[in-house]
Amino acid sequence: MRVFVLLALLVPAVATAEPSYHRVSGVAAYDVLNIRSAPSASSQDIGDLAHDSRAVEVLGFDPSGNWARIALNERDGWVSTRFLDRDEVPRIDATSVPEGLICGGTEPFWALGLYGNTARYSHPEDGDTDFTFDSASVAEGRLGAPALVTLATDRNEVIEATLTGATCNDGMSDRSYGWSITMQLIAPGKRRFLEGCCHLPRD
(Lines give C-alpha, C1' and ligand atoms only; values in the text may rest on other atoms or scores of the structure.)
Protein backbone atom coordinates (compact mmCIF):
# COMPACT_ATOMS: atom_id res chain seq x y z
CA MET A 1 0.00 0.00 0.00
CA ARG A 2 1.48 3.35 -1.00
CA VAL A 3 0.61 6.29 1.21
CA PHE A 4 1.43 9.94 0.65
CA VAL A 5 1.71 12.45 3.48
CA LEU A 6 1.70 16.20 2.99
CA LEU A 7 2.65 18.48 5.86
CA ALA A 8 1.75 22.12 5.31
CA LEU A 9 1.75 24.96 7.80
CA LEU A 10 -0.86 27.66 8.21
CA VAL A 11 -0.44 31.13 9.64
CA PRO A 12 -2.16 31.11 13.03
CA ALA A 13 -5.13 33.44 13.41
CA VAL A 14 -4.46 33.88 17.13
CA ALA A 15 -1.40 33.58 19.32
CA THR A 16 -0.90 30.08 20.66
CA ALA A 17 1.46 28.59 23.19
CA GLU A 18 2.98 25.28 22.22
CA PRO A 19 4.15 23.06 25.07
CA SER A 20 7.88 22.83 25.71
CA TYR A 21 9.75 19.60 26.40
CA HIS A 22 12.18 18.92 29.20
CA ARG A 23 14.19 16.18 30.88
CA VAL A 24 14.72 15.63 34.59
CA SER A 25 18.24 16.50 35.73
CA GLY A 26 20.06 16.90 39.03
CA VAL A 27 18.06 14.14 40.74
CA ALA A 28 20.02 11.23 42.21
CA ALA A 29 19.54 7.81 40.60
CA TYR A 30 17.96 6.48 43.80
CA ASP A 31 15.53 9.42 44.06
CA VAL A 32 12.54 10.88 42.18
CA LEU A 33 11.23 14.34 41.33
CA ASN A 34 8.02 15.07 43.22
CA ILE A 35 4.94 16.30 41.38
CA ARG A 36 2.98 18.74 43.53
CA SER A 37 -0.70 19.69 43.47
CA ALA A 38 0.21 23.39 43.43
CA PRO A 39 3.36 25.42 42.68
CA SER A 40 4.73 25.12 46.19
CA ALA A 41 7.12 22.72 47.93
CA SER A 42 4.63 22.47 50.80
CA SER A 43 1.70 21.39 48.62
CA GLN A 44 0.50 17.80 48.34
CA ASP A 45 2.77 15.26 46.64
CA ILE A 46 0.58 13.68 43.96
CA GLY A 47 3.14 11.70 41.98
CA ASP A 48 6.73 11.40 40.85
CA LEU A 49 8.97 11.61 37.80
CA ALA A 50 11.88 9.21 37.47
CA HIS A 51 15.36 10.69 37.80
CA ASP A 52 15.95 10.15 34.08
CA SER A 53 12.52 11.06 32.64
CA ARG A 54 12.62 12.52 29.13
CA ALA A 55 10.13 14.38 26.94
CA VAL A 56 8.32 15.88 29.93
CA GLU A 57 5.61 18.02 28.33
CA VAL A 58 5.44 21.38 30.11
CA LEU A 59 2.16 23.24 29.60
CA GLY A 60 3.14 26.47 31.34
CA PHE A 61 4.94 28.06 34.26
CA ASP A 62 3.91 29.89 37.40
CA PRO A 63 4.61 33.67 37.48
CA SER A 64 7.91 33.14 39.32
CA GLY A 65 9.17 30.69 36.70
CA ASN A 66 10.16 28.31 39.48
CA TRP A 67 7.40 25.78 38.80
CA ALA A 68 6.31 24.03 35.62
CA ARG A 69 2.79 22.69 35.02
CA ILE A 70 2.57 19.17 33.61
CA ALA A 71 -0.21 16.62 33.16
CA LEU A 72 -0.44 13.61 35.45
CA ASN A 73 -3.05 10.94 34.78
CA GLU A 74 -6.41 12.70 35.18
CA ARG A 75 -5.15 16.04 36.52
CA ASP A 76 -2.42 18.66 36.28
CA GLY A 77 0.55 18.90 38.61
CA TRP A 78 3.61 21.05 39.23
CA VAL A 79 7.32 20.26 39.30
CA SER A 80 10.28 22.43 40.25
CA THR A 81 12.07 23.93 37.23
CA ARG A 82 15.31 23.63 39.20
CA PHE A 83 15.37 19.98 38.17
CA LEU A 84 14.37 20.41 34.51
CA ASP A 85 16.51 20.98 31.43
CA ARG A 86 15.30 21.56 27.91
CA ASP A 87 14.96 18.34 25.93
CA GLU A 88 15.05 18.13 22.16
CA VAL A 89 12.36 15.81 20.80
CA PRO A 90 12.09 14.61 17.19
CA ARG A 91 9.67 16.66 15.07
CA ILE A 92 7.57 15.70 12.08
CA ASP A 93 9.58 16.96 9.14
CA ALA A 94 10.19 20.72 9.56
CA THR A 95 7.09 21.33 11.66
CA SER A 96 6.91 21.98 15.39
CA VAL A 97 4.73 18.88 15.86
CA PRO A 98 6.60 16.19 17.85
CA GLU A 99 6.85 12.65 16.55
CA GLY A 100 4.84 10.23 18.65
CA LEU A 101 2.01 12.65 19.35
CA ILE A 102 -1.16 10.81 20.41
CA CYS A 103 -4.46 12.52 19.62
CA GLY A 104 -7.98 11.47 20.44
CA GLY A 105 -11.50 12.39 21.36
CA THR A 106 -14.64 11.04 22.96
CA GLU A 107 -18.21 10.12 22.01
CA PRO A 108 -17.11 7.96 20.36
CA PHE A 109 -13.53 7.30 21.46
CA TRP A 110 -11.15 7.67 18.53
CA ALA A 111 -7.40 8.11 18.20
CA LEU A 112 -4.75 9.24 15.76
CA GLY A 113 -1.11 8.47 16.48
CA LEU A 114 1.56 10.35 14.51
CA TYR A 115 4.88 8.49 14.56
CA GLY A 116 8.22 8.77 12.81
CA ASN A 117 7.29 6.93 9.62
CA THR A 118 3.81 5.69 10.44
CA ALA A 119 0.42 6.92 11.56
CA ARG A 120 -2.53 4.99 12.93
CA TYR A 121 -6.18 6.02 12.96
CA SER A 122 -8.56 4.09 15.24
CA HIS A 123 -12.33 4.41 15.48
CA PRO A 124 -14.94 2.00 16.89
CA GLU A 125 -16.84 1.94 13.58
CA ASP A 126 -13.93 2.29 11.17
CA GLY A 127 -11.48 -0.01 12.94
CA ASP A 128 -7.72 0.57 12.78
CA THR A 129 -5.99 1.97 9.71
CA ASP A 130 -2.20 2.14 9.48
CA PHE A 131 -0.53 4.77 7.36
CA THR A 132 3.07 4.68 6.27
CA PHE A 133 5.08 7.13 4.23
CA ASP A 134 8.51 7.24 2.70
CA SER A 135 8.64 10.96 2.01
CA ALA A 136 7.17 14.17 3.32
CA SER A 137 7.28 17.79 2.25
CA VAL A 138 6.52 21.11 3.87
CA ALA A 139 4.83 23.77 1.79
CA GLU A 140 6.19 27.29 1.73
CA GLY A 141 4.93 29.43 4.55
CA ARG A 142 5.17 29.82 8.27
CA LEU A 143 6.97 27.08 10.20
CA GLY A 144 5.00 26.65 13.38
CA ALA A 145 1.58 25.74 14.71
CA PRO A 146 -1.07 25.24 13.54
CA ALA A 147 0.10 22.52 11.20
CA LEU A 148 -2.08 20.91 8.55
CA VAL A 149 -1.38 17.19 8.14
CA THR A 150 -2.93 15.37 5.19
CA LEU A 151 -2.81 11.57 4.99
CA ALA A 152 -4.02 9.59 1.99
CA THR A 153 -4.14 5.88 1.14
CA ASP A 154 -4.45 4.11 -2.18
CA ARG A 155 -8.00 3.16 -1.14
CA ASN A 156 -9.13 6.78 -1.54
CA GLU A 157 -9.13 7.40 2.22
CA VAL A 158 -7.99 10.86 3.25
CA ILE A 159 -7.43 12.38 6.67
CA GLU A 160 -6.91 16.12 7.00
CA ALA A 161 -5.93 17.23 10.49
CA THR A 162 -5.08 20.65 11.89
CA LEU A 163 -2.85 20.51 14.98
CA THR A 164 -2.50 23.58 17.16
CA GLY A 165 -0.17 24.12 20.08
CA ALA A 166 -2.73 25.29 22.62
CA THR A 167 -4.11 24.10 25.94
CA CYS A 168 -6.91 21.59 25.40
CA ASN A 169 -9.25 19.70 27.74
CA ASP A 170 -11.01 16.43 26.95
CA GLY A 171 -14.11 17.37 28.97
CA MET A 172 -13.83 14.21 31.06
CA SER A 173 -10.99 15.02 33.47
CA ASP A 174 -9.09 17.90 35.05
CA ARG A 175 -6.06 17.12 32.92
CA SER A 176 -4.77 19.63 30.38
CA TYR A 177 -3.28 18.70 27.02
CA GLY A 178 -0.67 20.66 25.09
CA TRP A 179 -2.16 20.29 21.61
CA SER A 180 -5.62 20.45 20.07
CA ILE A 181 -6.72 18.75 16.87
CA THR A 182 -9.57 19.10 14.42
CA MET A 183 -9.71 16.55 11.64
CA GLN A 184 -11.90 15.04 9.00
CA LEU A 185 -11.88 11.60 7.45
CA ILE A 186 -13.00 11.44 3.85
CA ALA A 187 -13.58 7.95 2.41
CA PRO A 188 -15.89 6.44 -0.19
CA GLY A 189 -19.41 6.90 1.16
CA LYS A 190 -18.14 8.30 4.44
CA ARG A 191 -17.14 11.60 6.00
CA ARG A 192 -16.31 12.21 9.66
CA PHE A 193 -15.49 15.44 11.48
CA LEU A 194 -13.65 14.94 14.75
CA GLU A 195 -12.15 17.17 17.44
CA GLY A 196 -9.88 16.27 20.32
CA CYS A 197 -6.69 16.80 22.27
CA CYS A 198 -3.14 15.50 21.88
CA HIS A 199 -0.13 14.81 24.08
CA LEU A 200 3.35 13.40 23.79
CA PRO A 201 3.86 10.42 26.11
CA ARG A 202 6.93 10.72 28.34
CA ASP A 203 9.93 8.47 27.73
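Let me start with Ala55, which counts as buried because its relative accessibility is 3%. Buried here means under 20% relative accessible area, exposed means over 50%, and partly exposed is in between, with a 1.4 Å probe and protein chains only. Ala55 lies in the loop between strand S4 (45-50) and strand S5 (56-58). Its phi is near 55°, a positive value in a residue other than glycine.

Before going on, a word on the model. It is a predicted one, so local features need pLDDT of at least 70 and side-chain atom pairs count only at pLDDT 80 or more, while totals for chains, interfaces and linings use all residues. Residues are numbered from 1 along each chain as its sequence is written, and side-chain values use heavy atoms, with hydrogens and water left out.

Now the overall picture. The protein has 18 strands and zero helices; both are DSSP runs numbered from the N terminus, with helices (H or I) needing at least four residues and strands (E) at least two. Of the 203 residues in the protein, 47% are buried. Among contacts with a separation of 6 or more, 57% are between residues 24 or more positions apart, where contact means heavy atoms within 4.5 Å.

Back to loops. Asn156 also has a positive phi, near 60°, in a residue other than glycine. Asn156 is found in the loop between strand S15 (147-152) and strand S16 (158-169). Is Asn156 buried or exposed? Asn156 is exposed, because its relative accessible area is 58%.

Gln44 is in the loop between strand S3 (32-36) and S4. At 52% relative accessibility, Gln44 counts as exposed. Leaving out residues up to four places away in sequence, Gln44 touches Ile35, Arg36 and Ser37. Gln44 and Asn34 are 10 residues apart in sequence, and their C-alpha atoms are 9.5 Å apart in space.

Next, the largest pocket. Its space is about 210 Å³. Of the 15 residues that line this pocket, the closest to its centre are Gly104, Gly105, Thr106, Asp170 and Tyr177. A pocket is found on a 1 Å grid over the protein atoms alone, as an open set of points where a 1.4 Å probe fits, with protein on both sides within 12 Å along at least five of seven lines; lining residues have an atom within 4 Å of a point. Grid points are joined across faces, edges and corners, and the volume is the space filled by probe spheres set on the points.

Which strand gives the largest share of that lining? S10 does, with four residues. Strand S10 (101-105), strand S11 (110-114) and S18 each supply at least two lining residues. In the loop between S10 and S11 we find Pro108. A cis peptide bond joins Glu107 and Pro108, with omega at about 0°.

Last, Leu194, found in strand S18 (residues 190-199). Leu194 counts as buried because its relative accessibility is 10%. Aside from neighbours within four places in sequence, Leu194 is in contact with Trp110, Tyr121, His123, Ile181, Thr182 and Met183. Leu194 and Gly104 are 90 residues apart in sequence, and 8.7 Å apart in space, C-alpha to C-alpha.
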